[in-house]
Amino acid sequence: MRIAVIGFASGAAGLQMQASLPSLAVMGAVTAGVVAVLVLLRWVRYVRGVRVAVALLAGVALGFVWAAWLAHLALTPQLAAADEGRDITVVGIIDNLPYRFAQGVRFNFAVESADVAVPPRIALSWYSGYRDQVSDVPEVRPGERWQLTVRLQRPHGNANPYGFDYEAWLLEQHLRATGYVRMARDNRRLDGFVVSAGNVVERSRAALRERILAALPGKPYAGVIVALVVGDQRGIDQTDWQVFNRTGIGHLISISGLHITMVAGLFALLAFNLWRRSLFTRAQWPLRLPAQKVAALAGATVALLYVLLAGFGVPAQRTLYMLMVVAAALWLNRLTSISHVLCTALGVVVLLDPWALLWPGFWLSFGAVAIILYATLGRTTPGSHALPPTAREHFRQTLRVGVYTQYVVTLGLVPITLLLFGQVSLISPLANAVAIPLISLVVTPLALVGSMLPQTLCVPVLGLAHWLVAVLADCLHWFSAIRYAVWRAPMPPFWLFCWAMLGTLWLLAPRGWPARWLGLATWIPLLAAESSHPSPGRMTVTAFDVGQGMALLIETRHHRLLYDAGPTYSPESNAGNRIVLPYLRARGIGALDGLIVSHSDVDHSGGALTILDGMPTGWVLSSLSPQHAIARAARQHVHCAAGQHWIWDGIRFEILHPLSSSYADAALKPNARGCTLKITANGKSILLPGDIEAAQEAQLLARDAARLRADVLLAPHHGSGTSSSHGFLLAVKPQAAIFQVGYRNRYRHPKQEVYDRYGAMQIQRYRTDQLGAITLEFGETIDVSAYRASSARYWHGR
């Protein structure tokens, strides 16, 4: 059974790597073939090795087909392309915990009826202001039925190497369209609450969150308390998440498996003792039903309720299913091994949610438990053959087991953590030694009890829990500030991860295994790896998919330059922390030699401060005023001006615009002073003109038209109607042009007539909204690759 389950999970994982889904006919044929083989072999005697191989292969085939069938079902509801951006009236129910932020509120909406064909579940944002309109957003709660006027679009997210796959996340959540609520008179609440099991759970979560926030008004870590009680982590500040992740305790700031096990165990123990005493009556209830079964039932029930509060995350699911299997084994009087329990939980998770395999939480959750089992299962503990231990000996033994378990988890997850995140927290063992007992044994029980107590007791209990979290946060900030708190390295190739994982298993083998310390040697290429560089004389340019904005990374043999930093998405989110920094860290890039911010518009400068704060940067070249926040934050800031040039590794960089005299003209718009950069490598060149418009293009033509010649052009001003003049394109004469634009952006860039102009001149066009991040390799030729083509998945564009 275990081999078959592992095969099933492997098959489901294989499906998630596919660029397209198999047809229903192929899926039916594979399923029929597997069933036929199993039936045939049922009546044929065969050796154990063959039986294991058949079970593995059958599991792989069935897992692949099962995941493909669920994917077909999930992708079937579609919003017609013609209905994108239209006003649509929908009636439905708010079916999750809404998240209120500064500009409005976000929630999921279960559609009951609409005036056009709409997917059954959509994600909506309701903003308080839209362009020149301002309106208060009403309070919305789970379970309410509303009539709303909305504008929708098909699922779409930014597609970048090492980036978050928003489209995959929407697919897993069965959200097949996204959009926003329009300001309309017909928007109204139709029912205060629609009764269903899911709505009851979500309304309960909302009520608990409101109680916590009301008891802790304005408190900095109220979001942490909410996360521990109802699993909603959206209220935790991004700066706090950085500290939690650097110190390796992020797994505790949620309803984790550890918390669920602890709470379920406490209730199981309480039920066990009460039942043994027949609830202090003379009924002799244990004679009718053993106390162990009652305890198992109570623990499983409480675990289920707590997991429902948690929002049913993968770590919580894994713990719930393991507890359910143990409870079922007790009720059925059947002993079961822990490996069977783990595999059963794995099978159930993948059966219900094959997309869980796409997320780090799945691999960390099951990986941690598997490593613990490997390193401890069947090992004889000290004193196991001695007399019953004294209280002091029991404490020492428990402490020894706890320390060893932390040691095993810390070492065992190093290769997995580097594969998933490109970093390992070196301070994690110490931080967890402080945080695990405090969060799990003190803060979480206080938060749970406090959120359910009467108001007079709720405030002091939750206040105590918050104070303890604040004390812990101060300690973690100190840990995080240590220079070598985190070890960063490039995300390894899969073969190197497997090699390091093999060495880790060798390292954690039982005592007596020869030369266990040699397992550490397999980590050397993992931890000491350096980021890749272009070959001498070559250059790589990566145009990120940042939505409506610009951000390009230019790499030579020994230098790296970022041209523009992408847009701001919200007060907490920008292209810097969402796209650029994760990419740089995943590549193992620890510093930038320079940053050019072409001008002050937020779609070009929005991520700059985040990048300067998170990545050592040599200098900043921009058209910003010296008083601008970016200029003040820079280690060295210089105005860009025509005539500036430098050479890195044989690659020539030159600024063509603006003239230095333009800074004296206060009437110029920021676009008119956009830093225009030309880079030439091995006779091939790329021109990056920022957001200059036709007037600036004419000035460049008048000054030196020949200097504009380039093989690749970044379309000026995203292909707006005020740029890319015919004369300018004739002078540049590019072979290819890149349009960095957002999907269905409100400016409608690129303008159709401009886009057609490029096509009429036989210029190859590449759009980031259609192709994702675009990478250009400058060598003897210019090789162009697009992320959505090289890493295509069946859900992209669906």
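Let us begin with two strands: β13 (residues 552–555) and β14 (residues 560–563) run antiparallel and are joined by 4 bridges. Helices (H or I, at least four residues) and strands (E, at least two) are DSSP runs, numbered from the N terminus, and two strands pair if DSSP finds at least two bridges between them. Leu552 has Tyr563 of β14 as its bridge partner. This is a predicted model, in which local features need pLDDT of at least 70 and side-chain atom pairs count only at pLDDT 80 or more, while totals for chains, interfaces and linings use all residues. Residues are numbered from 1 along each chain as its sequence is written, and side-chain values use heavy atoms, with hydrogens and water left out.

Now step back to the sheet around these strands. It is an open sheet of 8 strands with mixed pairing, in the order β19-β18-β17-β14-β13-β12-β27-β28. Its edge strands, each pairing on one side only, are β19 (637–639) and β28. From one strand to the next the twist averages 15 degrees; axes are lines fitted to C-alpha atoms, for helices over the stretch in contact, and angles run from 0 to 180 degrees between N-to-C directions. Helix α19 (residues 575–586) packs on this sheet and touches β12 (539–543), β13, β14 and β17 (592–597), its direction making about 25 degrees with that of β13. Contact here means heavy atoms within 4.5 Å.

At the β28 end, a hairpin leads from β27 to β28 through 3 residues. Strands β27 (residues 774–778) and β28 (residues 782–786) run antiparallel, joined by 5 bridges, and Thr775 has Ser785 in β28 as its bridge partner.

There is another sheet to visit. This open sheet has 7 strands in the order β20-β21-β22-β23-β24-β25-β26, again with mixed pairing. Here β20 (645–648) and β26 (764–767) are the edge strands, each pairing on one side only. Strand β25 (residues 736–739) pairs with β26 in the parallel sense over 4 bridges, and Ala736 stands opposite Gln764 in β26. Helix α25 (residues 752–760) lies across β24 (712–714), β25 and β26, running at about 140 degrees to β26.

Finally, look at two helices. Helix α8 (residues 257–276) packs against helix α15 (residues 428–452) at an angle of about 60 degrees, with their axes 10 Å apart. That makes α8 oblique to α15, since angles under 35 degrees count as roughly parallel, over 145 as roughly antiparallel, 65 to 115 as roughly perpendicular and the rest as oblique. The contact includes Leu258 and Met262 of α8 and Ile436 and Leu448 of α15.
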